[in-house]
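Subject: Structure handover

Hello,

Here is the structure you will be taking over. My notes on what was found in it follow below.

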Amino acid sequence: MDSKEKEICKEISKKIIENVEKRIMPHVGKAESGKYMKMGADGTSTKYIDLIAEEEVVKILKNLDFTTYLISEEIGELKLGRGKEEKINIFEETSKNHKRDENSKVKFLFLIDPLDGTNNAIKNIPIYGMSIAVAELPEEGVATLKDIKIGHVKDFYKGDLYEATEGEGAKLNGKSIKPSAEESIGKAMIGGYIKGPSHDIFKLIHKVRLVRLIGCVAVEFSYVANGKYDIFMDMRKSRVMDIAAAKLIAEESGAIVTNYNGEELNNPLTISEKTFLVSSGNQKIHDKIVKILCEYEDKAIETIGIISRLDLPEAILLAGKVIQTLLKREIKVKVEKPLATELEKLKNSLELETILKNIEKNNPRVANEIKDLNLTSNFEELGVETEDLHSDMLITLGGDGTILRTQKHLNENEIPIFGINMGTVGFLTEVEVEDAFNVLDSVLKGDYYKEKRTQLLVSHEGQVSNALNEVVIMTEKPAKMLDFEVQVDGEVVEEFRADGLILATPSGSTAYSMSAGGPIVDPKVGAFIIIPICPYKLGFRAFIVSNESEIKVKLLKKGKKAVFVMDGHVNKEVNYLEEINFKKSENDAYFIRTNDKDFYQKVKEKLTEGGV
C-alpha cells in the first residue's frame, strides 16, 4: 500500500465515521433503536440502530470508483464499488482475486464494526463508537490480522478519534500516544471481558487494583494505547472485525497484543473468526499476566485416562501408540479395562502383522501414525474400570458415540475430554488422526483451554440421569404414534401426536435434532431445543426454550408405552400419565480445546454432505 493509497483509505474511513455518527446520534437512547431487526451474519442479533449504521457504511463503499471487500458485523462479507454490491465468501473470492489481472484485482479489505457497544448506545450509556480497519490483500491466501495497515476507532460519546497507520505510530485526536509503563499487577487497572469458557482467572482479578467491564470492545481496547487501561483482555473470544483496528492502534503505540498463551495474533480476516485477546502496556506486565492465565493448565495434566472404540483394530492400536507416548513422558496412564484386554490380545496375537498390513491398505492415515508401534507395556496392569478413570484428562479414540459413552460415567467428575476422531463425523472430537500427536504434545505443554458444555438433567420415577446431547422419546412398537403433552415452567405449551419427541442441548443440535429438522444452536447459547418427530399437527415445529426453564413431558393415551433414550445409550420405559422432567444439570461436560476454530466453521466442515 503506497502513500497515496493510504491517504485514500484514511479519507474513506473518516468519511464513513463522520456519516455514521450523524445518522445514529438522533437514535441514541431511543426505544426504537433497540428494536430487533434480524440475525446478523456473525450470529448475533441486529438492532435498528445497527442497521442504520451499517446502511451508511455500505452506501459509501458501494459508490466508490474502485472495488473493495467489506466484512461487517450485520451484513457479512461483501464485494462493493462502482455502484455494485455482491455477497461473497471471502475464502472463495480471495482465491478468484489472485487469478485476476493487475487492473481488475481488488486491493483492500475493510473490516468494520458499524456500532461498537450497541447496547450502551440503546440505553445511552456513555461509551459506544465505531471501528474501521483496512487490510492490504496479500499476493497469496486470505488476509490476516498482520495485513492490517490502517485503523480508526471513534468514541462517539466523547468525540475521541484513535488512529494508526502501520509504521507511523498511534494518535489520539491527532496527538501521539504511548501505553502505560506500569509493571506491577497489584497497581494495574484491567478492562474487558474476563469471564471465558473455562479460564479460572479469579486469582488474576484478586491481584489487580481495579477491574472495568464497560461493554465496548474496540474503544476499551484502544484505552491500552494511551494508558487509560494497563491491561485489556477478552477471554470470551473477540471477533476479528471488533479488534482489528484497535490491535494496530495498540501495537503502534508500543503496547503488547497476544492471545492468552502469549502467542502473536495472526487470524484470518473472515466474518466467523474469533480469538482470545490479551493486551498490556509493556512486556514485563504482559509476561506476568500470561503466566497467571496459563499457570493452572501447566500443572493440570499428571494423570491421563484412555478410552477407545473396540470394533476397529486401528483404533485399539492407535490407543496403544498414545499410551506408549504418554508413558515415555512419565505421565501416569489409566486404561479402560476392555481396551487394556484388547491391547494384550493384539500384543500376543499371531495375526498382528496381517492386521497391520490391512490397516496400511485400508487406512493409511492411521498406519502412518503407528508405523513405529512396539506393544511392550503391560496393559493389564494399567487397566481400570470405567468408573475409576479419575484423571486430569481423558483421551477418547472414536467418534461422538465414544465421547457420549465416556461422559455418561463422568457426571460427578469434571474431567475434560480430548477426542481423537476415529468415527464418521466426530463433531465433539478435537483432532483428526494425522494431527493427534502434534496437538497432544501442545496440550501436554499447557497450550489448551477447557470448553464447558451444558447437560440435561433427566428425572423419571425417582431416577435421575444426565444427557449431553439429547433425550429421544419414542414408541416401543414401530409405526405407532404417541400422544404428548409438553409443559414449560408449569404452562402447557403443546399437546400433539407424533412418532416421537427430542429434547436436545445446544451440543445435541448438530446430532439427531438437526436430522429431525431442528435448528443448529451455538453451544454458548443458554437454551434447550424441543423437536417433534413427524408430528401429526399442521404447523407444529421445533421450538427453543431457556435452559433455566423446567420442562415436563407426559404421555396422554392409555395403553401406549414409550421408551426414552439418553445420548443413544440409556433406555428407560415410560407409561401412560408418567412424567419425564428435564432441567439444566448442575454437572457440565468439559472438553480440551486447542484451536480457535469458530463453531460455525466447524459446522460447515463437519456437516457438509454428512461430514464426508
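Predicted model: local features only at pLDDT ≥ 70, side-chain atom pairs only at ≥ 80, totals over all residues.

Residues are numbered from 1 along each chain as its sequence is written, and side-chain values use heavy atoms, with hydrogens and water left out.

**Helix 1 and helix 2**

Helices here are DSSP runs of H or I with at least four residues, strands are runs of E with at least two, and both are numbered from the N terminus. Two packed helices are described by the angle between their axes and the distance between the axes. For helix 1 (residues 3-24) and helix 2 (residues 48-62), the angle is about 145° and the axes are 9 Å apart. Axes are lines fitted to C-alpha atoms, for helices over the stretch in contact, and angles run from 0 to 180 degrees between N-to-C directions.

Contact means heavy atoms within 4.5 Å. On the helix 1 side, the contact is made by Ile12, Lys15, Ile16, Asn19, Val20, Arg23 and Ile24. Helix 2 contributes Ile49, Ile52, Ala53, Glu55, Glu56, Val57, Ile60 and Leu61. By class, this contact of helix 1 with helix 2 has 10 nonpolar, 1 polar and 4 charged residues (Ala, Val, Leu, Ile, Met, Phe, Trp, Tyr, Cys and Pro count as nonpolar, Asp, Glu, Lys and Arg as charged, and the others, Gly among them, as polar).

Buried means under 20% relative accessible area, exposed over 50%, and partly exposed in between, with a 1.4 Å probe and protein chains only. Two strands pair if DSSP finds at least two bridges between them. Strand 8 pairs with strand 7 (residues 129-136) in the antiparallel sense over 7 bridges, and Ala135 has Ile148 of strand 8 as its bridge partner. Strand 8 also pairs with strand 9 (residues 160-165), again antiparallel, over 6 bridges. There, Lys154 stands opposite Leu161 of strand 9. The hairpin of strand 8 and strand 9 has 4 residues between the strands, and in it Gly159 takes a positive phi near 85°.

An open sheet with mixed pairing is formed by 5 strands in the order 13-12-14-16-15. Strand 13 (210-212) and strand 15 (256-258) are at the edges with a single partner strand each, so one side of each is left without a neighbour in the sheet. From one strand to the next, the twist averages 15°. Strand 12 (residues 189-193) and strand 14 (residues 231-239) run parallel and are joined by 4 bridges; Tyr193 stands opposite Asp234 in strand 14. Helix 7 (residues 240-253) lies across strand 14, strand 15 and strand 16 (274-280), at about 150° to strand 14.

Val217 belongs to helix 6 (residues 217-222) and counts as buried, at 6% relative accessibility.

**An antiparallel sheet of 6 strands, and Ala498**

Another open sheet has 6 strands in the order 25-24-35-32-27-28, with antiparallel pairing. Its edge strands, each pairing on one side only, are strand 25 (463-467) and strand 28 (491-498). Neighbouring strands are turned by 20° against each other on average, direction ignored. Strand 24 (residues 456-460) pairs with strand 25 over 5 bridges, and Leu457 has Asn466 of strand 25 as its bridge partner.

Ala498 lies in strand 28 and counts as buried, at 0% relative accessibility. Beyond neighbours within four places in sequence, Ala498 is in contact with Met481, Leu482, Phe484, Ile533, Cys534, Pro535 and Tyr536.

Regards
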